[in-house]
Amino acid sequence: MDEKEIQSFLIISSVVLFIVIITMISLFILFKKRKNALLLKNEFEKKHFEQEISKAQIEIREETFRNISWELHDNIGQLLTLAKIQLQNNSPVDDVKGTLNKCLKELRDLSKIISPDALKNMSLEQAISGEIDRFNRLNFIESQLTIKGQQTKIDSKTEIVFFRILQEFFSNTIKHAKATHLSIILNYQTDMLIITAKDNGLGFDLDKQKHSGLGLTNMKNRAKLVNANATILSEPNIGTKLTITYKF
Amino acid sequence: MSSSYAYFLSYSINALELIAAIVALIHYKKYANSSERYFLLFLWATFFIDSILGPLSSFFNIDNTWLYYGYTGVSFLFYYLWYHTILAEKLFKTITKVLSVVFMVLYVLNGTNVEFQKYSFVIGASFVLILAGFHLHQLFNSDYTLKIKYKLSFWITIALLLFNIGMIPFILLSKYFNIWVGNSIFIIILFFLNLVLYGSYIIGFTWTKKKYNHF
C-alpha cells in the first residue's frame, strides 16, 4: 500500500465516520426534543381533561342544588301550604294527614336522591332516570327513557361527561323549547353506545341562530374530550335532537 | 495490512447478514402483521446473493457485476415500496412514486456503462435518505415517539439512514481519489458501515414489540 492510498484512506474514513456520528448525534438530540415536547403536551392534555371533568362535576352539583331549591319550593312547599290551608279551613283530619304523608314521602325521596353516596355510585342510567322521574313528577314535561341492547360498563368519568351533556340538553328543552315531550334512548350495540335525546319543542335554525347561549359547542367539545361524537339536529317547530356516539 | 485480515472482515460482513436474517426469523411473530414482514425475505435474499451467489460466481470466474447491479436496483425499489406503504401523508406517497420512477430511469441509463453504475447507488441512497427523513418526521409527530425503541420501522429507518449517509461520501470520495472501493483497506470502512446497518436491524428485531407493529 503506498503513501497516497493511506492518505486517501484516512481522509475517506474520517469523512464517513464524521458524517455518521454527526447524523447519530443530531437524530438523538432531535428525538429527545420531540419526546420532551410530546410529554409536556400529554401532561397538559391530561390536566385539561381532569379540569374539564371537575368542571362538569361542579356544574352537575350546581344543577342539583337548583333542582332541590325548585323541588322544595314547587313541590314540598306547595304541599305544606296546602296542609296549612286545610288546617285553617278545618278540613277533615284525614285530608290533612294525607297531604302531610304525601309531603313526607316527597321529602324522603328527595333526601334519598341527593345523598352524596347515592350520587357517587349512580350509573348513567340511574342518573338519567332520576332526572326523568323528576320531570314527570313535577309535570315539567312528559319524558321517557328507553334502554336497548346489553348494557356495557363505561368509565365513570365518561359517564359524568355524558350526563352533563344530557343535563344541558334537558335544561335547554325546559327553558327554551316549550316542548311537551322528551325521549331519551340509550342504544348499546356490540362496539358502541348511541345516546339519543329528542324533544318536540320550538327548535331553532342551526344555520341562522347564534346559539352560543345554548352551549352547543360546549356539548360537542365535551364529547370530543372522551372520544365521543355529539351531533345536534334542530328544525324550527319540529324539535331538537341530540345524538352522542361513543365507541367502546 | 495483511490480506488475510481483509478477508476476515469481508467474511464478517457475510456473517452479519446471516445473523440479521436469523434474528429476523426468530422474532418474525412480533412483526408478522406489519409491512415490515417483507424484510425477512429481503434479508435472506441479501445473504443468499451477497454471500453465496456472489462468491460462487467469482469462483467459477463468471462476471458478477450484473448480479450486484441487479441487487442494488431491486433493493432500492424494495425500500421505496416499503416507504410507500408506511408513509401516511399523501404528498410523501406521491414523492415516493416520483423518486422511484426517477431512480428507475437513471438506473437503466447508468446501467449501460459500468463506470456510471456507482452513481446509481449514490442516487438510490440519496432517495432513501429523503424517504427515511419523511418517515422519521411521521414518527416524531406521533405518539410512537414515547416508545420509539419498540418500533421496528424506526430501527430499519435508522439502519438505512446511517448506512446510506456513510456510503454516499464513501463512494464519491473513492471515485475522486480514483481508488477501487473493493481495495482491501477500504473493507474496514465497508465493514464499519455494514456493522451499523445490520447492528440496527438486529437491535430493532430484538427490541420490537408486537403491539407497536400493526401497519
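This is a predicted model: local features need pLDDT of at least 70, side-chain atom pairs count only at pLDDT 80 or more; totals for chains, interfaces and linings use all residues.
Chain A splits into two domains, and chain B gives us some helices to explore, including α3, α4 and α7. The chains also touch each other, with 17 residues of chain A in contact with 18 residues of chain B.

**Chain A and its two domains**

- Domain 1 of chain A covers residues 1-121, and domain 2 covers residues 141-248.
- If you take the C-alpha centres of these two domains of chain A, you'll find them 18 Å apart.
- Each side brings something to the contact: eight residues come from domain 1 of chain A and eight from domain 2 of chain A.
- On the domain 1 side of that contact, there are four nonpolar residues, one polar residue and three charged ones.

**Where chain A meets chain B**

- The side of chain A that touches chain B has eleven nonpolar, three polar and three charged residues.

**Two helices side by side in chain B**

- Helix α3 (residues 38-59) and helix α4 (residues 65-86) of chain B pack at an angle of about 170°, and their axes are 11 Å apart.
- Angles over 145 degrees count as roughly antiparallel, so that is the label for α3(B) and α4(B).
- From α3(B), the contact uses B:Y38, B:F42, B:I49, B:L53, B:G54 and B:S57.
- From α4(B), the partners are B:L67, B:Y68, B:Y71, B:F78 and B:W82.
- Sort the residues in this contact between α3(B) and α4(B) by class and you get nine nonpolar, two polar and no charged ones.

- α4(B) has 22 residues and reaches 32 Å from its first C-alpha to its last, close to the 32 Å expected at 1.5 Å a residue.
- Buried residues in α4(B) include B:G73, B:F76, B:Y79 and B:Y80, and B:W82, B:Y83 and B:I86 are buried there too.
- What covers the buried residues of α4(B)? The cover includes α3, α5 (90-111), α6 (117-140) and α7 of chain B.
- Helix α7 of chain B runs over residues 152-176, which is 25 residues, and it reaches 36 Å from first C-alpha to last, close to the 36 Å expected at 1.5 Å a residue.
- α7(B) is mostly covered, with 18 of its 25 residues buried.

**Asparagines with a positive phi**

- B:N61, in the loop between α3 and α4 of chain B, has a positive phi of about 60° although it is not a glycine.
- A:N227 is exposed, with 9 other C-beta atoms within 10 Å.

**One loop residue in chain A**

- A:T180 is in the loop between α5 (156-177) and β2 (181-188) of chain A.
- With 10 other C-beta atoms within 10 Å, A:T180 is exposed.
- Leaving aside neighbours within four places in sequence, A:T180 is in contact with A:I141, A:E142 and A:N200.
- A:N221 is 41 residues from A:T180 along the chain, and the C-alpha atoms of the two are separated by 28 Å.

Key: Residues are numbered from 1 along each chain as its sequence is written. Chains are lettered from A and ligands numbered from 1 in the order in which they are written. Domain bounds come from an automatic or database domain assignment. Two residues are in contact if their C-beta atoms, placed from the backbone, lie within 7 Å. Ala, Val, Leu, Ile, Met, Phe, Trp, Tyr, Cys and Pro count as nonpolar, Asp, Glu, Lys and Arg as charged, and the others, Gly among them, as polar. Axes are lines fitted to C-alpha atoms, for helices over the stretch in contact, and angles run from 0 to 180 degrees between N-to-C directions. Helices (H or I, at least four residues) and strands (E, at least two) are DSSP runs, numbered from the N terminus. Angles under 35 degrees count as roughly parallel, over 145 as roughly antiparallel, 65 to 115 as roughly perpendicular and the rest as oblique. The expected span of a helix is 1.5 Å times one less than its number of residues. A residue is buried if 20 or more other C-beta atoms lie within 10 Å of its own, exposed if 12 or fewer, and partly exposed in between; C-beta atoms are placed from the backbone.
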